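Have a look at the chain on the screen and then I'll walk you through it.

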Amino acid sequence: MAAWEYKVLKYKLRMKGFDYEQIEKDLNELGGEGWEAFSTIAPSFGAGQAVEIAVAVKRPRV
């Protein structure tokens with residue numbers, strides 16, 4: 001049995017960029033539930049602009 005459980009949060013690029021306030025809100029909420037961010041993923045396409053970012057979080061499996 002794995003010692004950790006994982007979750008990936010995905011955020012799409014919007015007209016005015018990424019919604020960093022929403023990302024912060026989500027991370028604060030999940031942090032209160034024992035989740036810890038440990039990695040980000042920002043794949044880029046074409047001219048190098050990321051159209052989506054992901055944040056990986058983990059917490060000890062209960």
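So, to start: what percentage of the 62 residues of the chain count as buried? The answer is 21%. Keep in mind that this is a predicted model.

Now the layout. We've got one helix and five strands in the chain, and if you read from the N terminus, the order goes β-α-β-β-β-β. The radius of gyration is 13 Å, well over the 11 Å you'd get from the globule rule for 62 residues, so the chain is more spread out than a compact globule. As for the box, the C-alpha atoms fill roughly 40 × 25 × 10 Å along the principal axes.

A couple of whole-chain numbers while we're here. If you take contacts between residues at least 6 apart in sequence, 59% of them join residues at least 24 apart. The accessible surface comes to about 4800 Å², and carbon and sulfur atoms account for 54% of that. On charges, there are 9 positive and 9 negative ones, and their mean positions sit 5 Å apart.

In soluble globular proteins, nonpolar side chains tend to be buried together. Here the largest nonpolar core has nine residues: Leu 9, Tyr 11, Phe 18, Ile 23, Leu 30, Trp 35, Ile 53, Val 55 and Val 57.

Let me zoom in on Tyr 11. Setting aside neighbours within four places in sequence, Tyr 11 is in contact with several residues, including Phe 18, Ile 23, Ile 53 and Val 55. Gln 22 is also one of the contacts of Tyr 11. Gln 22 lies in helix H1 and is partly exposed, at 31% relative accessible area.

Last stop is Ala 42. Where is Ala 42 placed? You'll find Ala 42 in the loop between strand E2 (36-41) and strand E3 (44-45). Ala 42 is exposed, with a relative accessible area of 53%. Even so, Ala 42 touches Ala 50, Glu 52 and Ile 53, not counting residues up to four places away in sequence. Take Ile 53: it's eleven residues from Ala 42 along the chain, and their C-alpha atoms are separated by 4.5 Å.

That's my tour, over to you.

Note on methods
Residues are numbered from 1 along each chain as its sequence is written. This is a predicted model: local features need pLDDT of at least 70, side-chain atom pairs count only at pLDDT 80 or more; totals for chains, interfaces and linings use all residues. Side-chain values use heavy atoms; hydrogens and water are left out. Helices (H or I, at least four residues) and strands (E, at least two) are DSSP runs, numbered from the N terminus. The radius of gyration is taken over C-alpha atoms; the globule rule is 2.2 Å times the number of residues to the power 0.38. Buried means under 20% relative accessible area, exposed over 50%, partly exposed in between (1.4 Å probe, protein chains only). Contact means heavy atoms within 4.5 Å. Accessible areas come from the Shrake-Rupley method with a 1.4 Å probe; for residues, only the protein chains shown count as cover. Lys and Arg count as positive and Asp and Glu as negative; His and the chain ends are not counted. The place of a charge is taken as NZ of Lys, CZ of Arg, CG of Asp or CD of Glu. A nonpolar core is a set of buried Ala, Val, Leu, Ile, Met, Phe, Trp, Tyr and Cys residues joined through side-chain atoms within 4.5 Å.
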